[in-house]
Amino acid sequence: MRRLLGTSLAALLLAQGPALAETFDPAAKQEIREIVKDYLMEHPEVILEAVQALQDRQEQARANQAKDLIVQLREQLLRDSRDPVIGNPKGDITLVEFFDYRCGYCKQAQPILAELIKSDPKLRVVLKEFPILGPDSLVASKAAIAALAQGKYPVFHEALIATRGTLSDDKIMDIAKSVGLDTAKLKADMEKPEITGQISDIHGLAQRLEINGTPSFIVGDTLVPGAVDLETLKKLVAEARKSCTGTC
């Protein structure tokens, strides 16, 4: 009986804490403390289970909040005409990636994303330039966006994301030249305020969605932070395609 009571009281106190304790007189409180202490000493795993349950609830709450925000921000996420699009521009499902050219996990994700596009001819991919790893990242993103004006974004993007090591200004320009970009025009276009504004807007979107790292993917109404494998992305796309009833 004492063990059963300990289990019940431990669960109640862990769930409701001080508010529940206020309903007991001092003698009852002391007895409860002793029962709960004895029980927790015998079964410390209860605390870990309670912490895990709290973390699970918090994670689910964050996921639900992200879903609501994705619905609210869908047009900005999927249909901003300034964003580069790869894959099928008229695809039925859109995957959005927030990435940084200096991010090692983004570099690992690139061939996986390329394979996903190759395996799914109906997939549309929106690339959100999200430089968060320092000045070199910002220069690389500005250069990549500027390359749109010369019709060279896809090849330049792939070359930048595949680059290992530092991304100095000179190295970025060397890569630009190697893929056929006019570097003088590129440098001039990089300074246009529209490019700075585009990157700023992407940072604003990321902040609202609580995206703090790269890569981060959005498929349907699901936000997936961090690198994921090909099968996971395929599953997310399939689920989004199955449930889509509008702009996806």
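Me: Is Phe98 buried or exposed?
Reply: Phe98 is buried, with a relative accessible area of 0%. Buried means under 20% relative accessible area, exposed over 50%, and partly exposed in between, with a 1.4 Å probe and protein chains only. Bear in mind this is a predicted model, where local features need pLDDT of at least 70, side-chain atom pairs count only at pLDDT 80 or more, and totals for chains, interfaces and linings use all residues. Residues are numbered from 1 along each chain as its sequence is written, and side-chain values use heavy atoms, leaving out hydrogens and water.

Me: How many aromatic pairs are there?
Reply: Two. Rings of Phe, Tyr and Trp (its six-membered ring) pair if their centres lie within 6.5 Å; planes under 30 degrees apart are stacked, over 60 edge-to-face, the rest tilted. Phe98 and Phe130 have ring centres 5.8 Å apart and planes at 85°, so that pair is edge-to-face.

Me: And what about Phe130, buried or exposed?
Reply: Phe130 is buried too, at 4% relative accessibility. The other pair, Phe99 and Tyr101, is edge-to-face, at 5.1 Å centre to centre and 85° between the planes.

Me: Switching topic: why is E3 largely enclosed?
Reply: Seven of the seven residues of strand E3 (residues 123–129) are buried, so the rest of the structure largely encloses it. Strands (E, at least two residues) and helices (H or I, at least four) are DSSP runs numbered from the N terminus.

Me: What does E3 make with E2 and H6?
Reply: A right-handed β-α-β unit, with H6 covering residues 104–119. Right-handed means that, with the strands pointing away from the viewer, the path from the first strand over the helix to the second runs clockwise.
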